[in-house]
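Here are my notes on this one, as numbered points. Have the viewer open while you read.

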Amino acid sequence: MNELLQETHPHHSGSHLSPVSTLNLGITTTSPFPPPKMSLKSRTRRSYIHFQTYRTRWSDNDQYGHLNNSIYNHLIDSVVNDYLISHCGLQQPTNNSIGLVVSSHCEYFSSLAFPEVLELGLCVRKLGRSSVKYEVGFFRQGGDEDEKVKAVGGFVHVFVEREGRRPVQELEDGLKKGLERILVVEEARL
């Protein structure tokens, strides 16, 4: 699968890459993305920070001629774990902690199918003391920054001690710094 995923940053260059950062004091900086508390269906490429491409395969389609639902979940897991390994220093099985998926979801708004090439946008929506909420947006390759997402999915990782499986007191430093680079904090609606 990894050879089918390629890291790209087609819609984030120059000043647009200014990261959202949440300081330990709870102060959040402003960011050009995303607009306050938008619905999942209205997300665009601007809603995500890290991108990877995926070339669909014939076997990804189901009997109805579109990507099988299980493929979306497989891609979400692959994009998140590739980012953790490449940008957060995750080196299983040597890390002291492991991430356990405690919930997952995917919502579909438009069909995708072989032979399309997809762009998968990744961000962190919530970063806790021991948990992380990831979100992945699915797009057709080549669309503009305002293209609406075709599907949105994600999951929550709770990082636990390898031995004993108790939640960690704090995320490991390298992991936390890597995740902060793709953290997008939404403002609540009033």
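1. Start with a term: a nonpolar core here is a set of buried Ala, Val, Leu, Ile, Met, Phe, Trp, Tyr and Cys residues joined through side-chain atoms within 4.5 Å. Keep in mind that this is a predicted model. Its largest nonpolar core has 40 residues, and the members that touch the most others are L84, L118, L120, L122, Y134, F138 and L179. Two or more residues each come from β2 (50-55), α1, β4, β5, β6 and α2. Helix α1 gives the largest share, with eight residues. As background, nonpolar side chains tend to be buried together in soluble globular proteins.

2. Now the overall layout. The protein chain has two helices and six strands, and their order along the sequence is β-β-α-β-β-β-β-α. Of its 190 residues, 43% count as buried. The exposed surface comes to about 10000 Å², with carbon and sulfur atoms supplying 51% of it. If you take the contacts with a separation of 6 or more, 75% are between residues 24 or more positions apart.

3. Which residues of helix α2 are buried? In α2 (residues 173-180) they are L175, K176, G178 and L179. They sit on the same side of the helix, because the arc they cover around the axis is only 165°. The general rule behind such patterns is that an α-helix has 3.6 residues a turn, so residues three or four places apart point the same way. What do the buried residues of α2 pack against? Their partners are α1 (69-87), β4 (117-127), β5 (131-140) and β6 (151-161).

4. Setting aside residues up to four places away in sequence, L179 touches L84, C88, V124, L127, V132, Y134 and L171. L84 and Y134 are, like L179, among the core members with the most contacts to other members.

5. K176 counts as buried because its relative accessible area is 17%, under the 20% cut-off. K176 forms a salt bridge with E170, with the closest N and O atoms 3.1 Å apart. E170 itself is partly exposed, at 42% relative accessibility.

6. Strand β5 pairs on both sides of the sequence. β4 and β5 run antiparallel and are joined by nine bridges, with a hairpin of three residues connecting them.

7. The β4–β5 loop contains S130. Is S130 buried or exposed? S130 is buried, with a relative accessible area of 12%. Beyond its neighbours within four places in sequence, S130 contacts H157, V158, F159, P167, V168 and L171.

8. The loop between β5 and β6 gives a contrasting case in G142. G142 counts as exposed, at 67% relative accessibility. Leaving out residues up to four places away in sequence, G142 touches R45 and E119.

9. In one of them E145 pairs with R46, at 3.3 Å between the closest N and O atoms. E145 is in the β5–β6 loop and R46 in the loop between β1 (5-8) and β2, so this pair ties together parts 99 residues apart in sequence. Both partners are partly exposed: E145 at 23% relative accessibility and R46 at 33%.

10. Another salt bridge joins E135 and R125, with the closest N and O atoms 3.0 Å apart. E135 is in strand β5 and R125 in strand β4, so the pair ties together parts that are ten residues apart in sequence. Are these two residues buried or exposed? E135 and R125 are both buried.

Key: Residues are numbered from 1 along each chain as its sequence is written. This is a predicted model: local features need pLDDT of at least 70, side-chain atom pairs count only at pLDDT 80 or more; totals for chains, interfaces and linings use all residues. Side-chain values use heavy atoms; hydrogens and water are left out. Buried means under 20% relative accessible area, exposed over 50%, partly exposed in between (1.4 Å probe, protein chains only). Helices (H or I, at least four residues) and strands (E, at least two) are DSSP runs, numbered from the N terminus. The arc is that of the directions from the helix axis to the C-beta atoms. Contact means heavy atoms within 4.5 Å. Accessible areas come from the Shrake-Rupley method with a 1.4 Å probe; for residues, only the protein chains shown count as cover. Two strands pair if DSSP finds at least two bridges between them. A salt bridge is a side-chain nitrogen of Lys or Arg within 4 Å of a carboxyl oxygen of Asp or Glu.
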